[in-house]
Amino acid sequence: MLAASQVGALVITGLVAPVFSPLKEDGSLNLSVIPSYAAWLNSTGVQWIFTAGSTGESVDLTLIERKALAEAWIAEAPKYGQRVIVHVGSDSVADMTDMAAHAQEHGADAIAAMP
């Protein structure tokens, strides 16, 4: 984790999209659609991707699924100059800490935590 002296103010400007987590008919993640999803969002002017947050499905995804979703967006969004905010909120402080470390390790631009 970054020391307090390493943390600067992050200014978020432009459009932020709270993206839906793409699911297959059986309820499993459909990560294969993220490249086309990112391209479409880019064509609409979206500059920030907010994963598994304000659409509410993060409470229905496992920690493994949330990490896979974050990794997929972190890999794809930069191709379009988009930046990624990973929602790490959880009822479990241990899971939140794990998600935050995972987001940092994989290059997320920011994290958010909603209870």
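Helix α2 (residues 63-76) runs for 14 residues and spans 20 Å from first C-alpha to last, close to the 20 Å expected at 1.5 Å a residue. That expected span is 1.5 Å times one less than the number of residues. Keep in mind that this is a predicted model, where local features need pLDDT of at least 70, side-chain atom pairs count only at pLDDT 80 or more, and totals for chains, interfaces and linings use all residues. Numbering starts from 1 along each chain as its sequence is written, and side-chain values use heavy atoms, with hydrogens and water left out.

**The aromatic pair**
- There's one aromatic pair, going by ring centres within 6.5 Å.
- Tyr37 and Trp73 make that pair, edge-to-face (planes over 60 degrees apart), at 5.3 Å centre to centre and 65 degrees between the planes.
- Tyr37 sits in helix α1 and Trp73 in helix α2, so the pair ties together parts 36 residues apart in sequence.
- Tyr37 and Trp73 are both buried.

**A nonpolar patch**
- Leu10, Ile12 and Val16 make a nonpolar surface patch of about 230 Å²; patch residues have over 30% relative accessible area and no salt bridge, with nonpolar side chains joined within 5 Å.
- Val16 belongs to strand β1 (residues 15-18).

Terms used:
Helices (H or I, at least four residues) and strands (E, at least two) are DSSP runs, numbered from the N terminus. Patches are made of residues with over 30% relative accessible area and no salt bridge: like charges are joined within 9 Å, nonpolar side chains (Val, Leu, Ile, Met, Phe, Trp, Tyr) within 5 Å. Accessible areas come from the Shrake-Rupley method with a 1.4 Å probe; for residues, only the protein chains shown count as cover. A salt bridge is a side-chain nitrogen of Lys or Arg within 4 Å of a carboxyl oxygen of Asp or Glu. Rings of Phe, Tyr and Trp (its six-membered ring) pair if their centres lie within 6.5 Å; planes under 30 degrees apart count as stacked, over 60 as edge-to-face and the rest as tilted. Buried means under 20% relative accessible area, exposed over 50%, partly exposed in between (1.4 Å probe, protein chains only).
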